[in-house]
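This report describes the fold of one protein chain and then turns to selected elements and residues. The sequence and structure are shown first.

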Amino acid sequence: MGRAKAITLIILIQFILLHVTKSQQGFEESLAARTLKQESHDTHEVHCSRERSRAAWQIIDDYLMPFVEEEGYQISADCRLHPDNDLFRDQERHKIHLDVNELRCGYCKKSFRAERFLDQHFDNRHYNLLNVNQSKCLADLCGALHCDFVINSNLLKAKCNPAAATRNRHLCESLANSCFPISPGPSARRLHELFLRQFCDAHTCSGKAKPFPRGGKKQTNLLYMATSILLMMLLPLFYLLYYLYQRDMKQETQVLRRVSQVGQKAKPS
């Protein structure tokens with residue numbers, strides 16, 4: 001009976017905490033949305049997709065930069081893959097991730113519950129920090145870098161457009177030639193060859209080549225991380241239940257001993 005009550009109490013407490021957390025998150029997101037609405041009169045239109053620029057930079061960081069760093073090669077500022085040629089790079093660097101559902105603006109220290117709210121805040125309040133006078137939209141390179149494949153891998157199974165594949169391949173090869181010219185030395189030649197294999201070969205409708213065959217930055221397995229976090233959360237609950245079970249067993253054993261002793265004393269001599 002005691003164990004059932006303890007388990008019921010634990011489940012009830014978890015349900016209440018979950019309800020309170022969701023209510024607080026909904027309130028804070030609503031507050032953030034109202035704040036952004038108040039800022040909307042300062043909104044400026046930027047003809048460059050922040051989401052696709054972010055995807056392009058993530059691809060560069062994961063599937064190109066590890067090899068560049070391994071070679072000790074310095075990408076020229078004239079290369080369109082250089083960090084300085086990303087319109088949103090400075091703003092992305094000023095995103096402070098405090099927690100899973102908490103981000104902070106590195107410029108004004110304002111906090112947000114979701115990245116989309118922080119992106120809107122950048123657009124509304126810190127537009128003046130963007131260098132919009134030059135053509136620095138990294139999203140323009142998404143065709144060469146396979147952004148659509150990373151954003152939605154199901155697109156790889158869609159019907160291939162030969163004209164688009166040819167256009168993206170030419171853009172990809174022009175990036176290889178401008179960023180890793182063959183003449184400077186062996187490092188540039190190796191990176192030039194790697195870029196062609198890593199990004200350009202997959203721009204074909206044959207279906208034989210896949211993007212990023214050389215791999216990239218080692219990623220932590222998300223399933224492993226989720227399982228580890230779940231186990232860490234459940235471990236204290238397990239020990240609590242085990243403690244309650246042992247306590248009840250001990251109490252039942254003591255009761256049985258008393259009953260046995262009383263029974264022995266009650267026997268006639």
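## Basis of the description

Two residues are said to touch, or to be in contact, when heavy atoms lie within 4.5 Å. The model discussed here is predicted.

## Overall architecture

The protein chain contains 10 helices and three strands. Along the sequence, these elements follow the pattern α-α-α-α-β-β-β-α-α-α-α-α-α. Of the 269 residues in the protein chain, 30% are buried. The accessible surface of the protein chain amounts to about 18100 Å², and carbon and sulfur atoms contribute 56% of that area.

Contacts across the sequence can also be described by their separation. Among contacts in the protein chain with a separation of 6 or more, 69% are between residues 24 or more positions apart.

## The three-stranded sheet

The strands form an open sheet in the order β1-β2-β3, with antiparallel pairing. Its edge strands are β1 (95–99) and β3 (111–112), each of which pairs on one side only. Strands of a sheet pair through backbone hydrogen bonds, in either a parallel or an antiparallel manner. Strand β1 is joined to strand β2 (residues 102–105) by four bridges, and the two run antiparallel.

Helix α5 (residues 115–125) lies across β1, β2 and β3 and runs at about 15° to β2.

## Ile96 in strand β1

Ile96 belongs to strand β1 and stands opposite Arg104 in β2. Leaving aside residues up to four places away in sequence, Ile96 touches Glu102, Leu103, Arg104 and Gly106. The C-alpha atoms of Ile96 and Gly106 are separated by 6.2 Å, with the two residues 10 apart along the chain.

Is Ile96 buried or partly exposed? Ile96 is classed as partly exposed because its relative accessible area is 31%, and that class covers values between 20% and 50%.

Asp119 is located in helix α5. With a relative accessible area of 11%, Asp119 is buried, since the cut-off for that class is under 20%.

Which residues does Asp119 touch, not counting residues up to four places away in sequence? They are Arg50, Arg54, Glu92 and Lys95. Two of these contacts are also polar ones between side chains: Asp119 is joined to Arg54 by a polar contact of 2.7 Å, and the side chain of Asp119 makes another with that of Lys95 at 2.7 Å.

## Helix α2

The 14 residues of α2 should span 20 Å at 1.5 Å a residue, and the end C-alpha atoms are 20 Å apart, so the two values agree. At the start of α2, a side-chain oxygen of Ser49 comes to within 3.1 Å of the backbone nitrogen of Arg52.

The buried residues in α2 are Arg50, Ser53, Ala55, Ala56, Trp57, Ile59, Ile60 and Asp62. They pack against α3, α4 (89–93), α5, α6, α7 (147–151) and α9. An α-helix has 3.6 residues a turn, so residues three or four places apart point the same way.

## Helix α9

How far apart are the end C-alpha atoms of helix α9 (residues 186–200)? The distance is 20 Å, which agrees with the 21 Å that its 15 residues should span at 1.5 Å a residue.

In α9 the buried residues are Ser187, Ala188, Leu191, His192, Leu194, Phe195, Leu196, Gln198, Phe199 and Cys200. Their cover includes α2 (50–63), α3 (65–71), α6 (142–145) and α8 (162–179).

## Positive phi values in loops

Most residues other than glycine have a negative phi. Lys109, in the loop between β2 and β3, has a positive phi near 70°.

Phe212 also has a positive phi, near 60°. This residue is found in the loop between α9 and α10 (222–266). Phe212 counts as buried because its relative accessibility is 9%, under the 20% cut-off.

How values were computed
Residues numbered from 1 in each chain as written. Predicted model: local features only at pLDDT ≥ 70, side-chain atom pairs only at ≥ 80, totals over all residues. Heavy atoms only, no water. Expected span 1.5 Å × (residues − 1). Buried < 20%, exposed > 50% of the residue type's maximum accessible area, 1.4 Å probe, protein only. Pairing = 2+ DSSP bridges. Axes fitted to C-alpha atoms, helices over the stretch in contact; angles between N-to-C directions. Areas by Shrake-Rupley, 256 points an atom, 1.4 Å probe, with all protein chains shown as cover. Polar contact = N/O pair within 3.5 Å; in protein donor to acceptor, adjacent residues only side chain to side chain.
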